[in-house]
Amino acid sequence: MYCIRKFFVYQVKNESFSYTNAMSIGQTIKELRKEKNLSQTELESLLFTSQDTISLWERGKSYPDVLSLIKMTEIFGVSSDYILGIEK
């Protein structure tokens, strides 16, 4: 959780964080999930979380914890920076 918190603190201090940033993280997760042809249910099984949690992430209402973020990098083959919108 520290890595994600550090990212958001950085964003807030630099006044570049907005609701759009939160939505873009969720949108990135959704796009990556669809590229792998995974349903929310399939992704929840891989991440050992719930479909509701995946839905919250994708709608920008919540953020993935560090362990889920790390696991997503392995599943999707991208960096955590990419998922967080730091790297394009």
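1. Helices are DSSP runs of at least four residues, numbered from the N terminus. With that numbering, Phe48 is found in the loop between H3 and helix H4, which covers 51-58. The model discussed here is a predicted one.

2. Overall make-up. The chain contains six helices and zero strands. Read from the N terminus, its elements follow the order α-α-α-α-α-α. The chain has 88 residues, and 35% of them count as buried. Take the contacts in the chain between residues at least 6 apart in sequence: 57% of these join residues at least 24 apart.

3. Phe48 in more detail. Phe48 is not a glycine, yet its phi is positive, at about 55°. Is Phe48 buried or exposed? The cut-off for exposed is over 50% relative accessible area. Phe48 has a relative accessible area of 77%, so it counts as exposed.

4. Asn37 lies between helix H2 (19-35) and H3. Asn37 also has a positive phi of about 55° without being a glycine. Its relative accessible area is 66%, and therefore Asn37 is exposed.

5. The packing of H3 and H5. Two packed helices are described by the angle between their axes and the distance between the axes. For H3 (residues 40-47) and H5 (residues 66-76), the angle is about 115° and the axes are 10 Å apart. Their crossing is right-handed. H3 contributes Leu43, Leu46 and Leu47 to the contact, while H5 contributes Ser68, Lys71, Met72, Ile75 and Phe76. Sorted by class, the residues in the contact of H3 with H5 are six nonpolar, one polar and one charged.

6. The two sides of H5. Which residues of H5 are buried? They are Ser68, Leu69, Met72, Thr73, Ile75 and Phe76. Because these residues cover an arc of only 165° around the axis, they sit on the same side of H5. Leu67 and Glu74 are on the other side of H5, and they are exposed.

7. The ends of H5. What caps the N-terminal end of H5? Asp65 does, with a side-chain oxygen that lies 3.0 Å from the backbone nitrogen of Leu67. Just after H5 comes Gly77, which has a positive phi of about 70°.

Key: Residues are numbered from 1 along each chain as its sequence is written. This is a predicted model: local features need pLDDT of at least 70, side-chain atom pairs count only at pLDDT 80 or more; totals for chains, interfaces and linings use all residues. Side-chain values use heavy atoms; hydrogens and water are left out. Axes are lines fitted to C-alpha atoms, for helices over the stretch in contact, and angles run from 0 to 180 degrees between N-to-C directions. A crossing is left-handed if the near helix is turned anticlockwise from the far one by less than a right angle, and right-handed if clockwise. Contact means heavy atoms within 4.5 Å. Ala, Val, Leu, Ile, Met, Phe, Trp, Tyr, Cys and Pro count as nonpolar, Asp, Glu, Lys and Arg as charged, and the others, Gly among them, as polar. Buried means under 20% relative accessible area, exposed over 50%, partly exposed in between (1.4 Å probe, protein chains only). The arc is that of the directions from the helix axis to the C-beta atoms. A polar contact is a pair of N or O atoms within 3.5 Å; within protein, one must be able to donate a hydrogen and the other to accept it, and residues adjacent in sequence count only if both atoms are side-chain atoms.
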